[in-house]
Amino acid sequence: MAAVTLGSETDGSILCPSSLNSVVGIKPTVGLTSRSGVIPITPLQDTIGPMCRTVSDAVRVLDVIVGYDELDAEATGAASKYIPHGGYTQFLRTNGLRGKRIGVPDVFFQGYDDMQLAVYEKHLDTMRQQGAVVIMDLDIATNFTDLGNQEILLMAAEFKISINAYLSGLLYSPVRSLAQVIAFNEAHPVEERLKDFGQPDLIAAEKTNGIGTRERAAIRRLREISTNGLEKLMKERRLDAIVAPNSDASSVLAVGGYPGIAVPAGYDEQGVPFAICFGGLQGYEPRLIEIAYAFEQATKVRRPPTFKR
């Protein structure tokens, strides 16, 4: 119902709600858009992107929000090399699937019912009809079963550092540190609904002491998962994108700082939307936009929301 919204994603927070609300969400390469002014979790993964009704709308917003920002200088400076001359709207091409190599990793398509899997199969056929080369049964050839644990370990330490810096820099705030946030919640348990939600993640983060030996090991491990996993697969198979249901690839994309675009793919028996996500390596936005736009135009799945009577 909104023309333009922005989301902040650390791991799934653009791709997931976009998938479940039948809108288009673009999670950009980390650093392509500034995080200045945004409540942080970890600078290694945080990224800001549009959530809009259509690929075209989302891309037009992306064009406006990318670029260097001195308040997020290191990340935006490093990623600015990916911004194409002439911006991103030039990649809104109805023939954008032609010649694209799209990989389908098995691991993401497990646990779905026959109806949804049939819809995804139909969409893969549409991509083939539109000129894409769809490569099935791919294996992200690295063991990433520990990805979640490593990510959570690192996130706790990064969050404490980042939120303390954010709060200390505000012009006005009744709290200036994570410790003060925790104390505020404890002093207002009814208003903050501590009985319902608690604050275990905040407490775990407060107990950390910066980036130490364990955290540095986690950073190395997550880089290894990215380098030997998605990056290796895409380069060896010369892929333009991988495809996954909903936000199922969000963790793999998150830890590498990689981009993804969620596009409406269908509705289940209860009318709940689901999506298809195209992901790639850092700076792959132009080809992901070509793929996502051409797919959207060929399928036109999205229906405007209605009020049930």
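The model is predicted: local features need pLDDT of at least 70, side-chain atom pairs count only at pLDDT 80 or more, and totals for chains, interfaces and linings use all residues. Residues are numbered from 1 along each chain as its sequence is written, and side-chain values use heavy atoms, without hydrogens and water.

**Domains**
- The domain assignment gives domain 1 (4-98 + 243-299) and domain 2 (144-222), with bounds from an automatic or database assignment.
- Their centres, taken over C-alpha atoms, are 26 Å apart.

**Interface**
- In domain 1, Pro40, Ile41 and Val255 lose the most area to domain 2, together 42% of what that side buries.

**Nonpolar core**
- The largest nonpolar core has 66 residues, among which Met127, Val243, Ile276 and Phe278 touch the most other members.
- Both domain 1 and domain 2 give residues to this core, so it lies between them.
- A nonpolar core is a set of buried Ala, Val, Leu, Ile, Met, Phe, Trp, Tyr and Cys residues joined through side-chain atoms within 4.5 Å, where buried means under 20% relative accessible area (1.4 Å probe, protein chains only).
- A second, separate core of nine residues includes Ala156, Phe159, Leu178 and Leu202.

Note on methods
Buried < 20%, exposed > 50% of the residue type's maximum accessible area, 1.4 Å probe, protein only. Buried area = accessible area lost by both parts, 1.4 Å probe.
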